[in-house]
Amino acid sequence: MLWEVDVWQKDRGDDHASRSFAAAAAAIDPADWSAARTARGWLIEGELSRDDIVRLAEGVLIDPVSQTYAIRSMDDPQESPFPGLTTAVHVLPRPGVTDPAAETARQAFTLLGLTPQAVRSLSTVWAPAVDATRAEQLAWRVLASDAIHEVVVGRLQLDSIAGGRNWSFSQESISLEGLDDAGLAQLSRDRCLALTPAELVAVRNHFRSLGRDPWEIELETIAQTWSEHCCHKTLTSGVDHTGPHGPVHYDNLLKETVFAATQTIRGHLGAADWCVSVFRDNSGVVRFDGDHDICVKVETHNHPSAIEPYGGAATGLGGVIRDVLGTGRAAKPIANLDVFCVGPPDTPAAELPPGVIEPKRLLSGVVAGVRDYGNRMGIPTIAGAVAFEPGYLGNPLVFCGTVGIMPRHSAETEPQPGDLVVVAGGRTGRDGIHGATFSSIELSSDSETESGGSVQIGHAINEKTLTDFVLEAAKQRLFSAITDCGAGGLSSAVGEMGAKLGAEVDLDQVPLKYDGLSATEVWISEAQERMVLAVPPACWEKLAAIAAEEQVEAIAIGRFTGNGSLVLKWEGKTAGELDCRFLHDGRPENTLIGRWETPATAPLVVHCPDDGSDNALAKPMVDLLALPDVASKEGIIRQYDHEVQGCSVLKPLTGRGDGPADGTVVRGVLGRDRGVVLGVGLRHRLGRVAPYQMAAGGIVEAVANVVATGADPSRIALLDNFCWGDTRSEEGLGSLVEACRACQDVAIALSAPFVSGKDSLNNVFAWKNEAGEPQELSIPPTLLATALGQVENVNNVLSPAIRGAGSRLYLLGLTRADLVGSQAELLGLTEGGEVPQVDTDVIRQTFAAIHAAAKAGLLRACHDLSDGGLITAAAEMAIAGGVGCRIRLADVPCDLGSAAGLTGLSRDVVLATAESPARFLCEVSEEHAVAFESVVAGIPHACCGETCELDPRVGKPTVTMMGVDGGQRAAVPLAAAAAAWRSLDCG
Amino acid sequence: MLSPRALILRAPGTNCDHETAFAFERAGAISRRVHIQALAERPALLDEYQIFCIPGGFSYGDDIASGRILALQLRTFLSDALERFRDRGGLILGICNGFQVLLQTSLLLHEPTIGPQATLAANTSGRFIDRWVHLETRPSRCVFLDGLGKLELPVAHAEGRFRSRSPETLTALEASGQLVLRYGLNPDGSSGNPNGSEADVAGVCDETGRVLGLMPHPERFLDALQHPALAGSTEARGRNGVGLALFTNAVRAVS
């Protein structure tokens, strides 16, 4: 029997879903949808009577105080519970798509002694009578996503929801013989392998030496292992590059720039080296306190999020959490971060390329994904950023990061010969096939229909129980190595773990969500929430007991052999056999060509009308504060639990006025005072014109954020996330080389080693316009830099919140006329000028001085100058503290170069809005002024303002700017500044 | 004298168990985190404890409704044991998800013939919200809130809107002094109610005063520097947060 139970709110006022549906529908379809109602449905299949279903509904599915329900069998008519609402629009997860609510319901039903064969959840909107086609179209626009849902309008009529079919073992040989490059390329495309003809030739030669053709499962294993996602083949290529500093050759770009910087720094540190495990495990590990190390990783999940924002972001976060869990002998996740780069929120629908999700819907989807996954995992989401730029319309970027903590001496692990291969966590299904290779292929307007299988929905509670299980097993030292099942699924996880030893795997032993997966599908499925452990046979029994206690499925599916061969079996028969050396070292190396020329800059022009009033900078200030990049992301931040685990100290919104923190701080261990500081930096607006300075500026910003929070500048670990457009052109690759060079230079200069990283290339969106001409939209070259800092004592962290009136405001660092890529430029206040340059010598000294002043207790508040420059920094400090301030632009330390001749209001605009890197605005009490000045002597600095209770002329606290000519240029009431800063509708 | 013992219940998806256990320890108790499966198999474990706490989280994912499955398990396996626990002077505390669970059991605002007298529905915003709120305690026999007066704590939930079965129920609960914790006003005089709760209810106790459910998280305010206005200032150094008092009250009451 197949039953449907529909549950709805008794009170229309409680039906939130109907309100958001009505609002979204009204924006698209002119009909009146305001009366619509929603119901949550459950399809329950099994040998169950109507009375059984009543018991399930009343015992599990409804809230007796606020909800009511109806039951129908599939033979009953579909009656509307709402008078006048006759059109039913049902949205169901597609068969095979993870349905956490249904899984929970099924589990709960067993508590009542009833065990249905299958359960599926659905949601229904009841609307006024409307044409079915129109209703369906609307459903696809506002309710459903083609990648994961089905939509049914009218009566729901299904025979069965129990899926699965039988699969019997068969071997498919794939001949690569007789194919030229074009033929090989075609084969790669047809099978979604993302292998180049040269790589396929290497595969062909290898199998010729064995005297046979590869089997499908072997070819797939090679494709996963050699994917851009898994082995970063572009970044690790040889490159002949010609840049502004002349020609240079790299045998391995990443190794000789980013990795090399870390090696150099570790060499300088010698015995004081605090790196533990870098660029080898799933995350980078550094020393923390006497008995702990910390680790950090940031991943991108761009392609899946572009197609299904909610599922893409959630599984992105789920994946990076598992990276931390799968580091060393397992680390406990203690903080998450997320950064999104999307199109401008007000992009008109007509300007969107076909198949692209509008930026607002996309942003709210990815936020909801991170929220629902991160909050359920009980990991505070404490840091992040959102950047808006038209280049991200087709390829939004979704970065998710996690910090973990682990006991010392548990970072270095190796599986041992004879260890069992154990897969733990979620079951394997057909979901997420080809994620690793799909992420290496360009998105197009058809991607949504082509790549459904690679998009998934997360099941956070499975990952939470998996985490509880792994951490307990780690405590008891029951496994010798662990890794997560991410891109490439078991093929990558087991393949990497057994890269030296080899392994034998019984694929038929892998627990499945439903029957019918082929051996290849089992092997490469990227089904979520799974980890692979290497377990000594002697520990197996104990490990299995912990799994049972934590309600986690853990199954031994094979063993690490030590013979260097990866053998795949199905019911005892050999399904595939690969030489580990060929698999991991057999990929042909290639040398690419890169080229970068620095574009010429134009002289700086300022467009700010001087209306003759004493308030000419008021509108620019308010407009800057309201720009999407600058404005408060409170609408997003508050949806994340940033306080769970009880260790959060400095939170993303800080001070009485909920201003923006630069970095955020959590204690490493409950009850201990040493803290972890997280900060990010992103200078994507420079990406297209100056990739070197984009990367350098981003790194400096990330470090400045944590230093402004009190982090010790000699203990900062960095992460790189390269997101690029086309890297197949010489110029595209050249911009990537320039960014790598910047990473190397800045890391060494600041003695801040990179410890891990990730790249996502080919973020190019392709479509055809109405005339049928091919179009392309590429993201700007984007490096996200993440800084992981440490504070000795969380009682001494710094925040940007002004503490009181009567303090001095000092500006540290030199202001230049470097407005290219600035928010002022975006607002049209300026045009041209210089590209912001990073002067690492001065910057290193500035960071050291800030830290020295902080340690000496000389800073009441401190804020890093970033988007919008001094004027927004001053306003943000005032908003955070609820205290006004006055800035004297005439006193700002500056070197305006060729713009030195600017006077009056134009000069004021430059000084107030330039985004020159590594500058800090510091609140210093009168009594500490002398001591502070001696600490910062030698670094460009000046007292250029003060904090004040009220502006006597306005009668309220204000953010006041005094111009270079001595007169007032702006006195914006604090409340008005705060309102502008809070005006962005996001999340 | 022996320290009181606190049992911190956990289930798949519980995620505030460590810091809640830590809070009770800071307050002088000995805390143990116990899995629902272990307790369901051996309800007599409760005899070793004086305090039973269901901490925050998303038990079983809260996919059907908050706290639904864990409450079903408590009703199925532990109803009698928990009532006995309360009747012999034990204290029961439900924080956030724990409050959502308690309201679906016989331990809090429950009429034997009718069932639950109130529920925690979706926030008016329809969204999860993490923010600090101003709270006021009402004079009551609730042992946890003794002497707390006005205080600030963070909330972090998607379903925290207190909603009673009927206006009469609400009046009766008010009259019996069970609506013990209320959202207060913000400093600017605006309502500080973050979720649309009836009568600004943030927490309720049972008739004995020994069972308390509340949405705010006292375990997240053990140190002054956890307050967003105080982190980064010198005022916070070395001071306790107000949330700790709730746990010390409980420990004192059973010592």
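Colleague: Why is A:Pro128 called partly exposed?

Modeller: In this predicted model, A:Pro128 has a relative accessible area of 24%, and since the partly exposed class runs between the 20% limit for buried and the 50% limit for exposed, A:Pro128 is called partly exposed. The residue sits in the loop between strand 5 (118-127) and helix 4 (132-142) of chain A, where A:Pro128 touches A:Asp32, A:Gly84, A:Leu85, A:Thr86 and A:Thr87, leaving out residues up to four places away in sequence.

Colleague: What makes A:Ser145 a buried residue?

Modeller: The relative accessible area of A:Ser145 is 8%, and because buried means under 20%, A:Ser145 is classed as buried. A:Ser145 lies in the loop between helix 4 and strand 6 (149-153) of chain A, and its side chain is joined to that of A:Glu308 by a polar contact of 3.5 Å.

Colleague: How do you know that strand 9 of chain B is largely enclosed by the rest of the structure?

Modeller: Seven of the eight residues of strand 9 (residues 150-157) of chain B are buried, so the strand is largely enclosed by the rest of the structure. What pairs with this strand is strand 8 (residues 129-137) of chain B, which runs antiparallel to strand 9 and is joined to it by eight bridges, one of the bridge pairs being B:Val133 with B:Leu153.

Colleague: Why is the contact between A:Glu463 and A:Arg322 called a salt bridge?

Modeller: The N to O distance between the two side chains is 2.8 Å, and because the rule asks for a Lys or Arg side-chain nitrogen within 4 Å of an Asp or Glu carboxyl oxygen, the pair of A:Glu463 and A:Arg322 is a salt bridge. A:Glu463 belongs to helix 15 (residues 460-475) and A:Arg322 to helix 11 (residues 309-325) of chain A, so the pair ties together parts that are 141 residues apart in sequence. Both A:Glu463 and A:Arg322 are buried.

Colleague: What makes A:Lys500 and A:Glu414 a salt bridge too, and is A:Lys500 buried or exposed?

Modeller: The side chains of A:Lys500 and A:Glu414 meet at 3.7 Å, N to O, and since the limit is 4 Å, the pair counts as a salt bridge. A:Lys500 has 67% relative accessibility and therefore counts as exposed, the limit for that class being over 50%, whereas A:Glu414, with a relative accessible area of 37%, is partly exposed.

Colleague: How do you know that salt bridges cross the interface of chain A and chain B?

Modeller: Across that interface the rule finds nine salt bridges, and in the one between B:Arg220 and A:Asp641 the closest N and O atoms are 2.9 Å apart, which is within 4 Å and therefore meets the rule. On the side of chain A that touches chain B, helix 3 (residues 100-111) of chain A gives the largest share, seven residues, and by class this side has 24 nonpolar, 23 polar and 21 charged residues.

Colleague: What is the extent of the interface, in residues and in area?

Modeller: Contacts link 68 residues of chain A with 56 residues of chain B, and the area buried between the two chains is about 5000 Å², of which carbon and sulfur atoms give 50%.

Conventions
Residues numbered from 1 in each chain as written. Chains lettered and ligands numbered in written order. Predicted model: local features only at pLDDT ≥ 70, side-chain atom pairs only at ≥ 80, totals over all residues. Heavy atoms only, no water. Contact = heavy atoms within 4.5 Å. Buried area = accessible area lost by both parts, 1.4 Å probe. Helix = DSSP H or I, 4+ residues; strand = E, 2+ residues; numbered from the N terminus. Nonpolar A, V, L, I, M, F, W, Y, C, P; charged D, E, K, R; others polar. Buried < 20%, exposed > 50% of the residue type's maximum accessible area, 1.4 Å probe, protein only. Pairing = 2+ DSSP bridges. Polar contact = N/O pair within 3.5 Å; in protein donor to acceptor, adjacent residues only side chain to side chain.
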